[in-house]
Amino acid sequence: DRGVTATEGKPTPEQCAQIRSLLEVVKEAEEEQEKWFSKAGVQSLEELTAEQAGKIIDFITKKIPGAKS
């Protein structure tokens, strides 16, 4: 059983850093971040899967005027 694919693995340090820097730009409310973590069943960015982290990055990027996703 191969189980875990690359997208199901943990997010890269780069993904975590990108999410943190994007959150600084959009000033996303802590309550919103808690909703993401709750929906994903995690307590921190590092516990997300790489796929979940990618979705959050895409979501936040779309909120930035003129940003390319």
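Which residues of helix 2 are buried, and what covers them?

Analyst: Happy to! Helix 2 spans residues 30-40, and its buried residues are Gln 33, Trp 36 and Phe 37. Looking down the axis of helix 2, you would find these buried residues within an arc of 95°, so they line one face of the helix. Please keep in mind that this is a predicted model.

There is a handy rule behind such patterns. An α-helix has 3.6 residues a turn, so residues three or four places apart point the same way.

Now turn to the other side. The face of helix 2 that points away from the buried side carries the exposed residues Glu 31, Lys 35, Ser 38 and Lys 39. One of them, Lys 35, has a relative accessible area of 52%, and exposed means over 50%, so Lys 35 falls in that class.

What lies over the buried side? The cover of the buried residues of helix 2 includes helix 1 (13-26) and helix 3 (50-62). At the other end of the story, helix 2 is followed by Gly 41, which has a positive phi, near 75°.

Lys 35 also has a partner. Its side chain meets that of Glu 32 in a salt bridge, with 3.7 Å from N to O.

Next, let us step back to the whole chain. The chain has three helices and zero strands, and from the N terminus on the order of elements is α-α-α. Of the 69 residues in the chain, 32% are buried. For contacts between residues at least 6 apart in sequence, 75% join residues at least 24 apart.

Gln 15 is placed in helix 1. With a relative accessible area of 16%, Gln 15 is buried, because the cut-off for buried is under 20%. If we set aside neighbours within four places in sequence, Gln 15 is in contact with Ala 50, Ala 53, Gly 54 and Ile 57.

Ala 17 belongs to helix 1 too. Along the chain Ala 17 and Leu 45 are 28 residues apart, while 9.5 Å separates their C-alpha atoms.

Another salt bridge joins Lys 27 and Glu 24, whose closest N and O atoms are 3.9 Å apart. Here Lys 27 is exposed, with a relative accessible area of 62%, and Glu 24 is exposed as well, at 54%.

Glu 51 lies in helix 3 and counts as partly exposed, at 40% relative accessibility. Glu 51 forms a salt bridge with Lys 55, and their closest N and O atoms are 3.6 Å apart. Both residues lie in helix 3, four residues apart, which is about one turn of the helix. Lys 55 itself counts as exposed, at 53% relative accessibility. The structure holds four salt bridges, among them the ones we have visited with Lys 35, Lys 27 and Glu 51.

Glu 51 and Gly 9 are 42 residues apart in sequence, and their C-alpha atoms are 8.0 Å apart in space.

Rolling a probe the size of a water molecule over the atoms shows where empty space is left. The largest pocket holds about 250 Å³ of space. Helix 2 and helix 3 are the elements that give two or more residues to its lining. That lining consists of Trp 36, Lys 39, Ala 40, Leu 48, Gln 52, Lys 55, Ile 56 and Phe 59. Helix 3 provides the largest share of the lining, four residues. By kind, the lining residues are five nonpolar, one polar and two charged.

Trp 36 is one of the buried residues of helix 2, Lys 39 is on the face turned away from the buried side, and Lys 55 is the salt-bridge partner of Glu 51.

Notes:
Residues are numbered from 1 along each chain as its sequence is written. This is a predicted model: local features need pLDDT of at least 70, side-chain atom pairs count only at pLDDT 80 or more; totals for chains, interfaces and linings use all residues. Side-chain values use heavy atoms; hydrogens and water are left out. Buried means under 20% relative accessible area, exposed over 50%, partly exposed in between (1.4 Å probe, protein chains only). The arc is that of the directions from the helix axis to the C-beta atoms. Contact means heavy atoms within 4.5 Å. On a 1 Å grid over the protein atoms alone, a cavity is a set of points where a 1.4 Å probe fits but cannot get out, and a pocket is an open set with protein on both sides within 12 Å along at least five of seven lines; lining residues have an atom within 4 Å of a point. Grid points are joined across faces, edges and corners, and a volume is the space filled by probe spheres set on the points. Ala, Val, Leu, Ile, Met, Phe, Trp, Tyr, Cys and Pro count as nonpolar, Asp, Glu, Lys and Arg as charged, and the others, Gly among them, as polar.
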